[in-house]
Amino acid sequence: MADGYNGPKINLFDQTDESGISESDPEETEFEKEFLDINRRRSIRKHKGNTLSPTSPKVDYVSDMSLSPGTPRSNTVAGKMSVHSHKSPTTVPTSRISEIDVDELSGSDSEEPLFTAPPSSHLLCNICGRVLRRPVITTCGHTYCARCVLVSQSRQCPIDGTPLSLVLENIALRDQIGALIAYCRFGCALSNTGEKVFTGQACTDKITFNELRFHESQCPWSIVQCPNSTSCGTLLSKDLSEHLFECTNAKCRNQEFGCDVLGTAPQMEEHLSSCKFNVVRQVIESFKATVDGLVVEVRKQGKQLKEFSKVVAKLQADFNQRERLSDGRFSSLEESRVHYEGSLNETREMLNEMSNEMNSIQLQDEFSDDEDLGIVGNIESHVYKCKGTFVGHEGPIWSMVSWGHLLFSGSSDHTIKVWDTLANFTCLKTLHGHEGMVLSLCVNNGLLYSSASDSMICIWDIKTYQLVDTVTAHTNPICTLAANDKYLFTGSLRIIKVWDKTTLQTYRTLEGLNHWVRALVISNNKMFAGIYQAIKIWNTDTFECERVIDIKGGSVYSMVVTESRIICGTYDKGIFIQSLTNPRDTEVLKGHSGTVYCLGYLKSGGHTRLFSGAYDRTIKVWNLDKKIGLQTMDRHQGSVCCIVIARGKIFSGAMDSTIKVWQ
């Protein structure tokens, strides 16, 4: 097994690094859809909306100010402007995309704000041309406004023409867009050319895009209307309080009961004490209270009626079921269908068993011939060949780990399969316990630890193949696992958790990471974690961060640690090599045309070999001493997600649902 490798380092549901660079892979859509299904079933997150109700009615602001040719534009405004920070009630929640409708996104069609600096082009929607509003990833891997996708007439991607369908929200881009700085619209106006510019004549605040709507709803320079009468005209929000005190159109509180007296606010307070409609108001309010009580009682009775209806419906269903069971008469056609269907299933099972048996015999003969020839020991000039294929999983294989002569593989079919690599090369057992894709596997002290997109950890006894315990560990998928004698380490979105292996309780939480943790390696008393553009190293005795190594190439997807160096595969198709003793000793191996998802390390006879699997469906063999590529193996029909080296053989799992055996 590759030193420290702990499962697939696939790109998860955000599809974007913190830099805003899209990391979407076409073959990862299945994972994203399944993650949404799991969130829906388990209700991981529940959103409570906040609604802001201004104290006075607002009207849309349309500036009638015009600029002379000499008026400075937004990029030349001098002077220091404050950046307000409010808890915005309009921040987009991480809700389930499947529940989005057009009405929910009606606010997405508001006017485009004026930003202090032009937004980057990757933050613009290719459908509407504006800054992305509630960015969502579609099935084609691109990101658009949620509203643009839902109301698009063509319903096709403008880039590659594929049908548009929502997958999930782009969290990373949403955070970047929310942090953009914009001017309040009540400090902007249209120039003579029709372009919106900052004037500085009214509101001079600069606000983050997330907080802009909240600020503008409270801005003292917003235009409001007097609530007493439209004849008062419009005025600035900051002047409303003074106007309401002097306004002569204030109405009596009993107006709805017939009083038509008008005056200033102090006059209305004085009038109210002697208003002849007070008695009418008291009678009507008492009547309303009685009616409200009756409404509550009616609703209560309605609920009881619904419960009674459910009981009746259940009794009716039970009666119908018993009636069907007591009938006992089946048509000859149905009997024939059931009979032939059972025979067909038995035939399929027999064919599968025969196929596996033939494959096992072929693998056994080829492996025994190669081992007798001593090919495994001479890796200096050896050319690796595919000796066979393990089949059985019904979905992409994301993770593998070996223990003795056993090979464990985790797949998107929610199962872990146990393979015998010593005798008959067949599947010994299929383990069921997860409700999502099995993303990472780890073996320690006779126990198998597995994690999946269902955010759970399962612990298995390797000798009996029995499920020992389960832990709901995170609120997001667990991408990677690692373990030492005392602790189990799990990596997820911006967090690493340390678990006491005896009690399965959280011992330590390491937060504040900048992205998904897709690679974890334990070496001696050090923990190495691969994140976006960096590798962090912690002391596992004190859990203090001892060193941060900068990586050029996006997110770290895979990693191995040797005695003298760190080797990691990155999003930008490179393999980064860093010396542990000399910070300046760094090299990058280039050769793949896609993200490097997995690595394997082999040292034999004084020579070292590195095996790398990538999105381009290939496995490359490298001479680490000379830093050159030796061989490219391309038998897989999908991205290569995991590599394990055991018993002189290389096992590779891929998105084509197969495991290839190389020697």
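A nonpolar core is taken here as a set of buried Ala, Val, Leu, Ile, Met, Phe, Trp, Tyr and Cys residues joined through side-chain atoms within 4.5 Å, where buried denotes under 20% relative accessible area, calculated with a 1.4 Å probe on protein chains only. The model is predicted, so that local features need pLDDT of at least 70 and side-chain atom pairs count only at pLDDT 80 or more, whereas totals for chains, interfaces and linings use all residues. Residues are numbered from 1 along each chain as its sequence is written, and side-chain values rest on heavy atoms, with hydrogens and water left out.

Within the largest nonpolar core, which has 25 residues, Ile 177 and Leu 180 touch the most other members. The largest share, three residues, comes from α2. Another core, of 16 residues, lies apart from it and includes Tyr 487, Phe 489, Leu 513 and Ile 531.

Helix α4 (residues 209–218) also contains Glu 216, which is buried at a relative accessible area of 13%. Beyond residues up to four places away in sequence, Glu 216 is in contact (heavy atoms within 4.5 Å) with Tyr 183, Cys 184, Arg 185, Phe 186 and Ser 222.

Ile 397, in strand β15 (residues 397–403), counts as buried because its relative accessibility is 0%. Although Ile 397 and Ser 412 are 15 residues apart in sequence, their C-alpha atoms are 6.6 Å apart in space.

Terms used. Helix = DSSP H or I, 4+ residues; strand = E, 2+ residues; numbered from the N terminus. Buried < 20%, exposed > 50% of the residue type's maximum accessible area, 1.4 Å probe, protein only.
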